[in-house]
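Hi there,

Here is the structure I promised to pass on.

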Amino acid sequence: MQPRNMSMSGVVDLAAVKAAGEARQKAEQARAQAATEGGPTGVAPSSLVIDVDEAGFERDVLQRSSEVPVVIDFWAEWCEPCKQLSPLLERLTLEYKGRFILAKIDVEANQMLMQQFGIQGIPAVFAVVAGQALPLFQGLAPEAQIRETLDQLVQVAEERFGLTGIAVDSDAEEAPVEEAAEIEEPVGPYDALLEAAVRALDAGDFGGAVQAYQNVLGDDPANSEAKLGLAQAELLGRVQGLDPQRVRQDAADHPADVPAQIAAADLDLVGGHVEDAFGRLVETVRRTVGDDRNAARVRLLELFEVIGADDPRVAPARMALARVLF
């Protein structure tokens with residue numbers, strides 16, 4: 001099969017959910033704090049190449065892609081070109097030293113993932129950056145071409161999404177399960193701030209709740225409770241004071257009005273109609289271009305945060321978004 005090159009130019013139109021500069025600063029702060037506290041300064045090189053299946057795709061690819069670009073190698077045992085490409089990708093992954101990780105997916109054992117990505121032949125290589133699937137190339141491409149594509153991916157991930165990769169410690173050994181669990185604990189005690197945020201939410205002070213959650217995330221960007229709480233507080237603040245009947249009527253009367261669709265999606269989610277909210281915004285992204293498309297896409301990503309990555313409705317919606325974007 002001849003390689004079918006995939007341009008990275010479309011990725012440039014994808015604005016980061018958070019400002020790239022802020023994300024880079026927080027990543028550096030987290031690394032510096034880990035070093036100061038005597039924690040690990042990097043992962044073992046063996047952690048950069050992982051085998052992924054359908055059950056672990058949400059955790060190992062979609063969630064990890066918010067921290068580091070994930071390159072996906074779709075392969076099969078019977079595929080002769082795969083036997084040449086896969087070792088090359090593994091070598092380059094180690095050479096790039098944490099600027100991305102490599103997820104290897106056996107299409108024979110994971111045909112649903114193959115279908116979701118719309119793969120017609122293998123080897124096929126994709127990337128997932130901040131939850132967004134990006135086609136890279138298909139077939140056995142020359143090493144120079146692969147390097148050029150990876151360089152573009154790394155550049156886009158940093159400039160547009162603020163993803164600087166993960167630190168790699170060549171002397172690091174695999175940590176025991178108990179130690180790994182301890183490493184994942186929050187950086188510090190934030191119970192008081194989190195409780196204050198909940199009290200503010202209960203009192204209808206959504207601005208105060210947002211500030212409290214942001215205070216936690218300023219010190220501990222990976223705090224999952226604060227990230228979820230912030231997304232929920234921002235959503236409740238947006239719908240406060242809206243006239244639901246008028247918003248829904250505006251959305252029905254003006255299907256091309258992106259702000260109207262976004263407002264209706266917010267109300268859908270608050271009302272528990274999660275799939276309706278996701279579907280409305282995916283369809284809006286499909287129909288629009290430019291700033292309108294990006295506004296709908298960003299709001300959809302924010303609603304994913306409200307629900308949480310573990311919710312089973314999020315992964316299909318992410319895949320639907322990727323299909324309309326690419």
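**Aromatic pairs**

The structure holds six aromatic pairs (rings of Phe, Tyr and Trp, the last by its six-membered ring, with centres within 6.5 Å; planes under 30 degrees apart are stacked, over 60 edge-to-face and the rest tilted). One of them joins phenylalanine 57 and phenylalanine 117 edge-to-face, at 5.9 Å centre to centre and 80° between the planes. Phenylalanine 57 sits in helix H2 (residues 57–63) and phenylalanine 117 in the loop between helix H4 (111–116) and strand S5 (124–129), so this pair ties together parts that are 60 residues apart in sequence. Helices (H or I, at least four residues) and strands (E, at least two) are DSSP runs numbered from the N terminus. Phenylalanine 57 counts as buried at 5% relative accessibility, and phenylalanine 117 is buried at 9% (buried is under 20% relative accessible area, exposed over 50%, partly exposed in between, with a 1.4 Å probe and protein chains only).

Phenylalanine 74 and phenylalanine 126 form an edge-to-face pair too, with 6.0 Å centre to centre and 85° between the planes. Since phenylalanine 74 belongs to strand S3 (residues 70–75) and phenylalanine 126 to strand S5, the pair ties together parts 52 residues apart in sequence. Ring pairs link Phe57, Phe74, Phe117 and Phe126 into a cluster.

**A buried aspartate**

Strand S3 also contains aspartate 73, which is buried with a relative accessible area of 0%. Setting aside neighbours within four places in sequence, aspartate 73 is in contact (heavy atoms within 4.5 Å) with Ser86, Leu89, Leu102, Ala103, Lys104, Ile105 and Ala124.

**Two helices**

How do the axes of helix H13 and helix H14 cross, and at what angle? The axes of H13 (residues 290–307) and H14 (residues 314–325) come within 11 Å and cross at roughly 165°, so the two helices are roughly antiparallel (over 145 degrees; under 35 is roughly parallel, 65 to 115 roughly perpendicular, the rest oblique). On the H13 side, Arg293, Arg297, Leu300, Leu301, Phe304 and Ile307 meet Val314, Ala317, Arg318, Leu321, Val324 and Leu325 of H14. These contact residues divide into nine nonpolar, no polar and three charged.

**Before you use it**

This is a predicted model, where local features need pLDDT of at least 70 and side-chain atom pairs 80 or more, while totals for chains, interfaces and linings use all residues. Residues are numbered from 1 along each chain as its sequence is written, and side-chain values use heavy atoms, without hydrogens and water.

Best wishes

Definitions and conventions
Axes fitted to C-alpha atoms, helices over the stretch in contact; angles between N-to-C directions. Nonpolar A, V, L, I, M, F, W, Y, C, P; charged D, E, K, R; others polar.
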